[in-house]
Amino acid sequence: MIKNYFFRPYVKTLAVTSIMIALEVVLHRFVGIQTPILQLNFGFLPIAAIAMLYGPVYSGFAWAVADILGMLIFPSGGGWYFGFTVSALIMGIIYGVFIFGVHKAPRRTRIIRISAAVLTIVVFITFALDMFWLHLYWGNAFSVLIIPRLIKCAVMLPLQIAVILGLAELISKLEKNLKL
């Protein structure tokens with residue numbers, strides 16, 4: 001299982017990853033709610049699919065590349081900030097470590113691993129690290145950022161768990177037919 005975590009440059013893997021990066025850019029930029037200090041979107045879905053299929057290396061780099069491409073192609077807010085790309089890389093790696101191969105696991109294991117991945121990301125990255133980046137970038141006081149970040153985390157935690165569980169079911173069915 002460990003050997004699958006590392007780079008496997010198959011054409012099919014690169015093609016699927018590229019399509020998922022493009023989908024992440026679209027879902028992140030156009031589907032959801034976006035303010036200067038708060039974003040609610042579904043950009044996590046394609047990265048979760050990459051994490052399930054190909055592991056943390058692909059999902060980490062895919063999310064970092066999607067973040068950079070998204071900002072270059074569709075700039076919004078105050079511009080690109082390296083901290084959010086670092087967060088994207090870390091989130092992709094966390095997804096890959098926790099949910100690589102989860103679509104093949106029994107339902108109970110699937111729920112536990114997906115919940116652990118989302119909880120880790122929401123608490124340590126979405127709430128803590130992203131709030132730190134926002135503080136550095138905008139200069140806002142932490143007291144201004146805490147309430148919107150808590151609301152985002154409270155909304156996104158159950159939503160991400162439910163949607164990624166559904167995605168795992170879908171990938172499980174599709175993998176048999178499409179040989180992903």
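Modeller: Let's start with a pair of helices: H2 and H6 cross in a right-handed way. Right-handed means that the near helix is turned clockwise from the far one by less than a right angle, and left-handed means anticlockwise. The labels come from DSSP runs numbered from the N terminus, with helices (H or I) of at least four residues and strands (E) of at least two.

Biologist: Before we go on, what kind of model is this?

Modeller: It is a predicted model, where local features need pLDDT of at least 70 and side-chain atom pairs count only at pLDDT 80 or more, while totals for chains, interfaces and linings use all residues. Residues are numbered from 1 along each chain as its sequence is written, and side-chain values use heavy atoms, leaving out hydrogens and water.

Biologist: At what angle do the axes of H2 and H6 cross?

Modeller: Two packed helices are described by the angle between their axes and the distance between the axes. Here H2 (residues 44–54) and H6 (residues 142–178) have axes that come within 10 Å and cross at roughly 50°, which makes H2 oblique to H6. Axes are lines fitted to C-alpha atoms, for helices over the stretch in contact, with angles from 0 to 180 degrees between N-to-C directions. Under 35 degrees is roughly parallel, over 145 roughly antiparallel, 65 to 115 roughly perpendicular, and the rest oblique.

Biologist: Which residues of H2 and H6 make the contact?

Modeller: From H2 come Phe44, Leu45, Ala48, Ala49, Met52 and Leu53, and they meet Met156, Gln160, Val163, Ile164, Leu167, Ala168, Ile171 and Glu175 of H6. By class, this contact of H2 with H6 holds 12 nonpolar residues, one polar and one charged. Contact means heavy atoms within 4.5 Å. Ala, Val, Leu, Ile, Met, Phe, Trp, Tyr, Cys and Pro count as nonpolar, Asp, Glu, Lys and Arg as charged, and the others, Gly among them, as polar.

Biologist: Let me pick one of those, Val163. Is Val163 exposed, partly exposed or buried?

Modeller: Val163 has a relative accessible area of 24% and is therefore partly exposed. With a 1.4 Å probe and protein chains only, buried means under 20%, exposed over 50%, and partly exposed in between. Beyond its neighbours within four places in sequence, Val163 is in contact with Phe42, Phe44 and Leu45. Val163 and Phe44 lie 119 residues apart in sequence, with 9.8 Å from C-alpha to C-alpha.

Biologist: How many residues of H2 are buried?

Modeller: 11 of the 11 residues of H2 are buried, so the rest of the structure largely encloses this helix. What covers them includes helix H1 (11–30), strand E2 (39–41), helix H3 (56–73), H4 and H6. After H2 comes Gly55, with a positive phi near 95°.

Biologist: How do the axes of H2 and H3 lie?

Modeller: They come within 7 Å and cross at roughly 155°, which makes H2 roughly antiparallel to H3. Phe44, Ile47, Ile50, Ala51 and Tyr54 of H2 make the contact with Pro56, Tyr58, Ser59, Ala62 and Trp63 of H3. That contact of H2 with H3 has nine nonpolar residues, one polar and no charged ones.

Biologist: And what about H1 and H3: at what angle do they cross?

Modeller: The axes of H1 and H3 cross at roughly 45° and come within 9 Å; the two helices are therefore oblique to each other. H1 passes H3 in a right-handed crossing. Among the residues making the contact are Thr13, Leu14 and Glu24 of H1, and Tyr58, Ala62 and Asp67 of H3.

Biologist: Where is the kink in H5 centred?

Modeller: Helix H5 (residues 107–138) has a kink of about 35° centred on Val122. The bend at a residue is the angle between axes fitted to the seven residues ending there and the seven starting there. Val122 is one of the buried residues of H5, as are Ile121 and Ile125. Their cover includes helix H4 (82–99) and H6. Gly139 follows H5 and has a positive phi, near 80°.
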